[in-house]
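Please find below a colleague's note on the model under review.

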Amino acid sequence: MASPAKATTDSNVVDMNRPSARARVQAFGGFLTNMVLPNIGAFIAWGLLTALFIPTGWIPNEQLAQIVGPAIKFLLPLLLAITGGRMVGGQRGAVMGAIGAIGLIVGSDIPMFLGAMVIGPLGGLIIKKFDRAMENRIPAGFEMIVNNFSLGILGFLLMIVSFLFIGPVIESANNFVTSAIEALVATGLLPLLSLINEPAKVLFLNNVIDQGIYYPLGMQAAAETGKSIYFTVASNPGPGLGLLLAFTFFGKKTARRTAPGAIIIHFFGGIHELYFPYVLMKPLTIIGMIAGGATGIGVFSMFDAGLVAGPSPGSIFAYLGLTPKGSFIGIIAGVLAAAAVTFLITSLILKMEKNNDEEEDELSESIEKSKAMKQQGKQVASSKKDEKIDKVSFACDAGAGSSALGATTFRKKLQKRGIDGIEVKHYRIEDAPQDSNIIVVHKDLYDRAKHAHQDKEIITIENYISDPNLEEMLDRLEER
């Protein structure tokens with residue numbers, strides 16, 4: 001199940017201009033994440049404010065609790081809209097996003113997180129299109145007056161449209177989704193969400209469901225009750241812990257050797273992408289992940305437990321730091337129960353497969369195939385031998401989790417081999433610099449990366465800690 005070191009086969013190149021549906025959804029999830037991620041600190045600050053000072057908090061304070069409502073109604077949606085607008089249209093887009101968002105906020109009775117994540121990028125797109133249309137058409141000396149009045153007039157129109165039309169539509173859609181999930185809660189079927197959550201996560205769609213659905217709903221619920229179970233339904237680190245523990249005890253060779261290190265980074269560091277390759281290597285283990293996720297949700301529900309804000313990253317430390325008064329037992333029990341169930345089921349699956357003498361070690365097989373690919377690609381590698389390589393970019397969905405880990409690890413390996421003069425940094429896939437010589441991504445993000453960087457060499461990996469394609473690249477850099 002080795003992944004290609006780079007795009008060399010016809011099957012990989014044929015549809016480079018037509019990214020798969022999964023790649024498009026991943027890109028959408030990455031966009032949502034990049035609206036939320038820079039503002040996570042503000043969400044956590046609001047969560048701490050709620051946990052401490054509301055009437056059911058740790059130290060109730062009527063005066064300080066007055067900040068809770070305005071912060072969730074105005075501050076957080078405006079931050080999202082400003083960030084989304086800036087991502088699309090720069091600083092002018094950020095201003096447009098904020099103007100449009102205030103129309104949504106004033107015209108709505110609910111916190112407009114979903115609305116802000118729509119109107120911010122929309123405002124940025126409008127002003128970007130306008131600026132492009134007016135490029136080279138503004139008389140010299142009139143740039144400032146055109147820029148200011150265009151922003152003011154377009155922003156005014158967007159604010160009115162948001163207040164009268166966009167806001168009510170988004171509020172209706174939000175109420176529908178909320179009612180549907182609350183129906184699951186009322187019937188005790190909320191654990192069934194794991195049937196969607198766990199497969200989506202290992203396909204790198206975790207940011208779509210978390211940032212796009214559960215976190216906005218969780219903020220609305222937390223504003224009323226001071227906590228929400230929605231923050232836990234897809235971010236629980238327990239199932240990943242159980243899976244990696246099973247591979248530690250019952251995995252084979254390379255998998256058993258790398259799993260303990262992955263546990264530390266996943267469970268304590270909160271980078272869940274570390275366990276995805278293990279599930280992809282043994283697809284049957286998704287059963288254990290679904291069962292563990294459902295068990296965790298069931299336990300959280302039984303204890304009426306929840307968090308005050310979205311845990312980002314999904315570390316056990318973030319979980320405990322965002323647990324409100326009265327929920328510690330339920331949160332800890334839900335994480336441990338999820339880990340235990342996943343561990344038991346995954347262990348059974350691995351032991352059954354281990355007894356099959358014909359079964360090969362997939363990770364070892366991956367290394368052997370990589371060596372064969374290296375031999376086949378000698379001609380291509382030699383043609384690039386004289387090429388100057390001074391910038392390697394690790395890229396992932398949000399540019400802040402697995403890619404950061406990969407870049408840090410790779411820099412250390414370069415230092416260990418005495419290779420210098422190479423800049424190694426991490427980015428969101430679409431933000432990788434155009435002057436990058438090589439872009440490194442997980443193999444399941446290849447379509448999206450190739451669509452964004454069609455003229456770049458892309459190296460795919462399966463494991464951020466130890467991967468044969470990274471070792472091949474190190475050898476290549478050492479020989480240059």
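**Notes on the model**

1. T346 touches L243, A246, F247, T285 and G288, residues up to four places away in sequence not being counted; contact here means heavy atoms within 4.5 Å. T346 itself is situated in helix α14 (residues 328-354). Helices (H or I, at least four residues) and strands (E, at least two) are DSSP runs, numbered from the N terminus. With a relative accessibility of 0%, T346 is classed as buried, the classes being buried under 20% relative accessible area, exposed over 50% and partly exposed in between (1.4 Å probe, protein chains only).

2. On provenance, this is a predicted model, in which local features need pLDDT of at least 70 and side-chain atom pairs count only at pLDDT 80 or more, while totals for chains, interfaces and linings use all residues. Residues are numbered from 1 along each chain as its sequence is written, and side-chain values use heavy atoms, with hydrogens and water left out.

3. The largest nonpolar core comprises 110 residues, and those with the most contacts inside it are Y278, V392, F410, V440 and M473. Its largest share, ten residues, is supplied by helix α4 (residues 68-106). Such a core is a set of buried Ala, Val, Leu, Ile, Met, Phe, Trp, Tyr and Cys residues joined through side-chain atoms within 4.5 Å. Neighbours within four places in sequence aside, M473 contacts V392, F410, I438, V440 and I459.

4. Four strands form an open sheet in the order β2-β1-β3-β4, with parallel pairing. Two strands pair if DSSP finds at least two bridges between them.

5. Within the sheet, β1 (residues 391-396) and β3 (residues 438-442) pair in the parallel sense over three bridges. F394 has V440 in β3 as its bridge partner. Helix α19 (residues 468-479) packs on the sheet, touching β1, β3 and β4, and its direction makes about 135° with that of β4. Helix α17 (residues 402-417) lies across β1 and β2, running at about 175° to β2. Axes are lines fitted to C-alpha atoms, for helices over the stretch in contact, and angles run from 0 to 180 degrees between N-to-C directions.

6. D304 has a positive phi of about 55° although it is not a glycine. D304 belongs to the loop between α12 (286-302) and α13 (316-321), and is exposed, with a relative accessible area of 52%.
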